[in-house]
Amino acid sequence: VLAALAALIVAFIFLVLPHLRKQSSSQDDRRRQLPPGSLGLPVVGQTVGLLRALRANTAEAWLRRWASEYGPISKLSLFGLPTALLVGPAANKFLFASTALTAKTTTSFNSMVGRRNIRELAGDDHRRVRAMMLQFLKLDSVRSYVASMDDEVRHHIRAHWDGRATVAVMPSMKSLTFDIMCTVIFGLGRAEHAAVRRELSAEFQQLVRGIWAIPVNLPVTSFGKCFAASRRGRRTVAAVIDEKRAKLESGRSSPSDDLMTHMLAEGLADVEIIDNVMFMMVAAHDTTATLLTFLLRHLDGNRDAYGRVVAEQQEVARSKAPGEALSWDDLGKMKYTWSAAMETLRLVPPVFSLLKRAVEDVEFDGHLIPKGWQVLGAMNMTQWDPAIFAEPSRFEPARFESPVPPYSFVAFGGGATVCPGNEFARVEALVAMHYIVTGFKWKLADGCDGSFSRYPLPSPAQGLLIDIEPMDTAATDV
C-alpha cells in the first residue's frame, strides 16, 4: 500500500503538477495580455456613465479621458458585457478589415428593429440580403431617383416652409427624408399611401428613441413605450407586404418596382422583409436628417462657408428653366456643398460609434480580445484628433477639397464595408440643400443656442429653430 501511495505521489509530482502549473501560467499570461482598463461593477460596468454622457453631449470627453488613461485599446463593460474600446486610424482599419469581428447591435436595437436584420445576418444570408438592397442603392439606381427626390423636396418645402417665419429643422428633415425613402425605395407614393406614411413616420419617431434604452419591457419604461411603437410599425409594414404580394401575384407589379416587392419575388420570408425594412427606415432617414440639420447649423455659424454654398447653388439654379428638376449632372457641380456636408459629418457623425463582436480570439496592438467580447470603435475621436485635423472644433469645409488620411474619416465606413447607401445619402442631401439654400435665408431663432444631445442620435435643442426669409425678398448679401 505504501509503495502504491508513493508511486501515485511521484506520478502527481512529475506528471500532473507540471501540467497544472503550465495551465495556471497560461491563464496568467492570458490575463496579462488583456487590454488595460476596468470592467467596473458587475452588470452595470460603465453603461450608466456612458449613457449619461451621451445625454449631456459630453461623450467625446468621457471617451477621451478613458483613452488618454489606458491607450488605443482598453477594456470596459457595457450593457453587461466585457468590451474592448478601440481608438485611432489603425483601430478603424482593424474594425473594418478583421474577419475575427462581426457586426453587433444592442439588445435594444434588435428589439426595436428585429433580429433578422442585415446587421445580425452572417455568411450567405447576409450576402443575399445585401445584394437585394444594393439593387436599389447602386449608382445606376440612385441616378434614376434624382427626379423623384427633387419632386419630394419641392413638395415638402411648399407644405412646411413656404409662408412660415420659423421652422424646426430636425422634425422637418426627418419628415422629408422619410418621405423620400418611402417613395423611391419602398414604393409608397404620396397619393395612394399617404395614411400609411403618416402612421409609419409617427411610430418610427417613437421607436428610434429606444435603440439605446435599457431593455426593461414595462409599459412605464422608455424601452416599453418604444417597443410598443415598434410592434405597431411592424403590423403596418406587414399589411403593406400583403398588399404588394397580391399585386405581384396578379401581375400588377414587377420585382424591379421597389425593394419590398423585390424581396418577395426572391422568396425572403415575411419576418425577414419586415426586419430589414425596419432596419433601413431607421438607418436611412435618421442619419441623413441629422446631416442636413447640423449642416444648416454649422453654415449659420460660418458665414464665409455659407456664402460659398449659396453662390454654388445659385449658379446651378441659373442654369435651370423655371420649374425644371435637378439632374445628375447638376449634382456634380455641387462640390463645395458636399465638402461642407462631409465636414459636418466629421464634426457631428450621426452614428456615435461602431459596435462589433469577436467571433474568435484576436489580437490588436499587442492585446488579446477574447472570443465573445464586444468591440466598440470610437470613430468620432479620430475625426476630432488635432494631429489629423488641425483645430478640429472649427468648421472648415476646405479640409475635404483634398484627400484626408486613410481611416481618419469613416462616416461611411471603410475598406470593403463602405455603407451601401452613401451615394443615396449624398444625392438626397444635395437636392434638399439646393432648394433650401436657393429658396431661403436663415439664422438661428432667438433663444436657440444650437446645443444638442447625442441620445440616441444627435438631436438639437428645440429641433434647431431657425428664422427663415424667402430669398427673393431677402437682402442680396450673404
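This is a predicted model: local features need pLDDT of at least 70, side-chain atom pairs count only at pLDDT 80 or more; totals for chains, interfaces and linings use all residues.

Colleague: What makes up the protein chain, in helices and strands?

Modeller: The protein chain has 17 helices and 12 strands. Its C-alpha trace spans about 105 × 60 × 45 Å along the principal axes.

Colleague: How much of the protein chain is buried?

Modeller: Buried residues make up 50% of the 478 residues. The chain exposes about 21500 Å², and carbon and sulfur atoms supply 56% of that area.

Colleague: What share of the contacts joins residues at least 24 apart?

Modeller: Take the contacts between residues at least 6 apart in sequence. Of these, 72% join residues at least 24 apart.

Colleague: Now the charged pairs. Why is the pair Asp 125 and Arg 116 called a salt bridge?

Modeller: The cut-off is 4 Å between a side-chain nitrogen of Lys or Arg and a carboxyl oxygen of Asp or Glu. Here the N to O distance is 3.4 Å. That is within 4 Å, so the pair counts as a salt bridge.

Colleague: Are those two side chains buried, partly exposed or exposed, and how do you know?

Modeller: Buried means under 20% relative accessible area, and exposed means over 50%. Asp 125 has 37%, so it is partly exposed. Arg 116 has 31%, so it is partly exposed as well.

Colleague: What does the salt bridge between Arg 245 and Asp 270 tie together?

Modeller: Their side chains meet at 2.4 Å, N to O. Arg 245 lies in helix H10 (residues 222–249) and Asp 270 in helix H12 (residues 270–301), so the pair ties together parts that are 25 residues apart in sequence. Arg 245 is partly exposed at 23%. Asp 270 is partly exposed at 29%.

Colleague: How do you know that Asp 330 and Lys 333 form a salt bridge?

Modeller: Their closest N and O atoms are 3.9 Å apart. The limit is 4 Å, so the pair counts.

Colleague: Why is Asp 330 called buried?

Modeller: Its relative accessible area is 4%. Buried means under 20%, so Asp 330 is buried. Lys 333 has 47%, which lies between 20% and 50%, so Lys 333 is partly exposed.

Colleague: On to the sheets. What is the strand order in the sheet of five?

Modeller: The order is S1-S2-S8-S5-S3, in an open sheet with mixed pairing.

Colleague: What makes S1 and S3 edge strands?

Modeller: Strand S1 (73–78) and strand S3 (101–103) each pair on one side only. The twist from one strand to the next averages 35°.

Colleague: How do you know that S1 and S2 pair?

Modeller: Pairing needs at least two bridges. Six bridges join S1 to strand S2 (residues 81–86), so the two pair, and they run antiparallel. Leu 78 has Leu 81 in S2 as its bridge partner.

Colleague: Which helix touches S1 and S2?

Modeller: Helix H3 (residues 59–70) packs on the sheet there, its direction making about 130° with that of S1. Helix H4 (residues 89–97) lies across S2, S3, strand S5 (354–358) and strand S8 (374–377), at about 60° to S5.

Colleague: What is the order in the sheet of three strands?

Modeller: S4-S12-S9, an open sheet with antiparallel pairing. S4 and S9 are its edge strands, as each pairs on one side only.

Colleague: What makes S4 and S12 a pair?

Modeller: Three bridges link strand S4 (residues 166–168) to strand S12 (residues 465–470). At least two are needed, so they pair. Ala 168 has Leu 465 in S12 as its bridge partner. Strand S9 (residues 440–444) pairs with S12 over five bridges. There, Phe 440 stands opposite Pro 470, and Trp 442 stands opposite Ile 468.

Colleague: Last, which residues form the nonpolar patch on the surface?

Modeller: Leu 41, Val 43, Val 44 and Val 48 form it, with about 360 Å² of accessible area together. Val 48 sits in helix H2 (residues 47–55).

Key. Residues are numbered from 1 along each chain as its sequence is written. Side-chain values use heavy atoms; hydrogens and water are left out. Buried means under 20% relative accessible area, exposed over 50%, partly exposed in between (1.4 Å probe, protein chains only). Helices (H or I, at least four residues) and strands (E, at least two) are DSSP runs, numbered from the N terminus. Axes are lines fitted to C-alpha atoms, for helices over the stretch in contact, and angles run from 0 to 180 degrees between N-to-C directions. Contact means heavy atoms within 4.5 Å. Patches are made of residues with over 30% relative accessible area and no salt bridge: like charges are joined within 9 Å, nonpolar side chains (Val, Leu, Ile, Met, Phe, Trp, Tyr) within 5 Å. Accessible areas come from the Shrake-Rupley method with a 1.4 Å probe; for residues, only the protein chains shown count as cover.
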